[in-house]
Amino acid sequence: VIAPHGGSIEDETDEQVDLVASDPVIRADSWICRAPAGGAFRRWHITSDDLSEASFAGLRALLGVRHEFAVSFHGFGAIGDLDVIVGGLVDDDVKCRVREELQRRLTAVLPRPAKVLLATSSHDPHPGLLPGNVVNRLARQGGLQIEQASALRRVPHATRTVAEVVRDELATLTSPGTAERP
């Protein structure tokens, strides 16, 4: 579970990693790059396709262990009325389940129905589909990339809801037969 743009680069993503990685059912490794305030995005943002373990010792160690599943939390400014983009090279069935559950559960915390895009093409925004994308390099079965609009990340409980949906899906993937969470 990673947040390559934590701290002030893409707000709230590091807290999402902490929530998911602390779940004892999942037994996850985590990596967060936290940047301080003061122009963090401009100074510290490196695309996930360009992240290099040569620049981050912690990432190098994490990439040295092949994981069954991986997820990365990200943020984006604004793309129309999109709230979340679900991408990565993980199986499309997994992405579809995450998308459907995000739409269902985010609608309870947003003042309108949630708009969640399933990224399946390189023409989609922030699809996370390149094999060199850090989340895909981490996982045997391809990674799950979760992109969240800045407006969504300012809504109380929205980022926690996103993290809980991802945590619940990871729990079902890593522990077959585990009871579903609410």
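Which residue in β6 is the bridge partner of Ser 72?

## Strand β3 and its pairing

In this predicted model, the bridge partner of Ser 72 in β6 is Gln 145. Strand β3 covers residues 70–76, and strand β6 covers residues 143–149. The two strands run parallel and are joined by seven bridges.

Seven of the seven residues of β3 are buried, so the strand is largely enclosed by the rest of the structure. Ala 70, Ser 72, His 74 and Phe 76 point one way from β3, while Val 71, Phe 73 and Gly 75 point the other way. Residues on both sides are buried.

A search of the whole structure finds one cavity of 30 Å³ or more. The volume of the largest cavity is about 50 Å³.

Its lining consists of Phe 69, Ala 70, Val 90, Val 94, Leu 144, Val 166, Glu 169, Leu 170 and Leu 173. Ala 70 also belongs to the set of β3 residues that point the same way as Ser 72. Helix α7, residues 158–174, supplies the largest share of the lining, four residues. By class, eight lining residues are nonpolar, one is charged and none is polar.

## Helix α1

Helix α1 spans residues 13–21 and is mostly covered, with seven of its nine residues buried. The buried residues in α1 are Thr 13, Asp 14, Gln 16, Val 17, Leu 19, Val 20 and Ala 21.

Methods:
Residues are numbered from 1 along each chain as its sequence is written. This is a predicted model: local features need pLDDT of at least 70, side-chain atom pairs count only at pLDDT 80 or more; totals for chains, interfaces and linings use all residues. Side-chain values use heavy atoms; hydrogens and water are left out. On a 1 Å grid over the protein atoms alone, a cavity is a set of points where a 1.4 Å probe fits but cannot get out, and a pocket is an open set with protein on both sides within 12 Å along at least five of seven lines; lining residues have an atom within 4 Å of a point. Grid points are joined across faces, edges and corners, and a volume is the space filled by probe spheres set on the points. Ala, Val, Leu, Ile, Met, Phe, Trp, Tyr, Cys and Pro count as nonpolar, Asp, Glu, Lys and Arg as charged, and the others, Gly among them, as polar. Buried means under 20% relative accessible area, exposed over 50%, partly exposed in between (1.4 Å probe, protein chains only). Two strands pair if DSSP finds at least two bridges between them.
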